[in-house]
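Trainee: Could you take me through the features of a model, giving the general idea before each case?

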Amino acid sequence: MALTDFLAVSDVTSAINACRANDSFSPNKFFAMVGLSKKSLPEIEKIFMILDQDKSGYIEQDELQLFLQNFSKGARPLTAAETRAFLLAGDKDGDGKIGWDEFSNLVMSS
């Protein structure tokens, strides 16, 4: 299963290009641009499972750093500041990782 099974390639390309510069990534803006915020909860859950590379049930900091590369192999890694900001935006219980409920809330609020 690939993210492009759920998201239009043209939307993904536009979103990746919009955050090409370091420190230009915003999770909410990115989710809106790729069309993720318009998806159903079951579709968002499938996308979460793809992003959870180690299948731990959480998206951890190292997975967040490589977040854009899940959407496009040639995309840049997130900077340390972007990764921290993404984690702070999504990690509502303060455990240092983003679970399914936190991810779905973050996506739906974008």
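**Reading rings, core and annotated sites**

Mentor: A search of the whole structure finds twelve aromatic pairs, where rings of Phe, Tyr and Trp (its six-membered ring) pair if their centres lie within 6.5 Å, and planes under 30 degrees apart count as stacked, over 60 as edge-to-face and the rest as tilted. This is a predicted model, in which local features need pLDDT of at least 70 and side-chain atom pairs count only at pLDDT 80 or more, while totals for chains, interfaces and linings use all residues. Residues are numbered from 1 along each chain as its sequence is written, and side-chain values use heavy atoms, with hydrogens and water left out.

Trainee: What is the geometry of the aromatic pair formed by F30 and F71?

Mentor: A pair of aromatic rings is described by the distance of the centres and the angle of the planes. Here F30 and F71 are edge-to-face, at 4.9 Å centre to centre and with 80 degrees between the planes. This pair links distant parts of the chain, since F30 sits in helix α2 and F71 in helix α5, 41 residues apart; helices (H or I, at least four residues) and strands (E, at least two) are DSSP runs, numbered from the N terminus. F67 and F71 form a tilted pair, 5.1 Å centre to centre with 55 degrees between the planes, and both lie in helix α5, four residues apart, about one turn of the helix.

Trainee: Which residues do ring pairs link into a cluster?

Mentor: The cluster joined by ring pairs holds F25, F30, F31, F48, F67, F71, F86, W100 and F103.

Trainee: How many residues does the largest nonpolar core have?

Mentor: In soluble globular proteins, nonpolar side chains tend to be buried together. A nonpolar core is a set of buried Ala, Val, Leu, Ile, Met, Phe, Trp, Tyr and Cys residues joined through side-chain atoms within 4.5 Å. The largest one in this model has 30 residues, and those with the most contacts inside it are F30, F31, F67, L68, F71, F86 and F103. Helices α1, α2, α3, α5, α6 and α7 each supply at least two residues of this core, and α3 gives the most, with five. Contact means heavy atoms within 4.5 Å; leaving out residues up to four places away in sequence, F71 touches L3, L7, V12, I16, F30 and L51.

Trainee: Is E102 buried or exposed?

Mentor: E102, which is found in helix α7, counts as buried because its relative accessibility is 10%.

Key
Buried means under 20% relative accessible area, exposed over 50%, partly exposed in between (1.4 Å probe, protein chains only).
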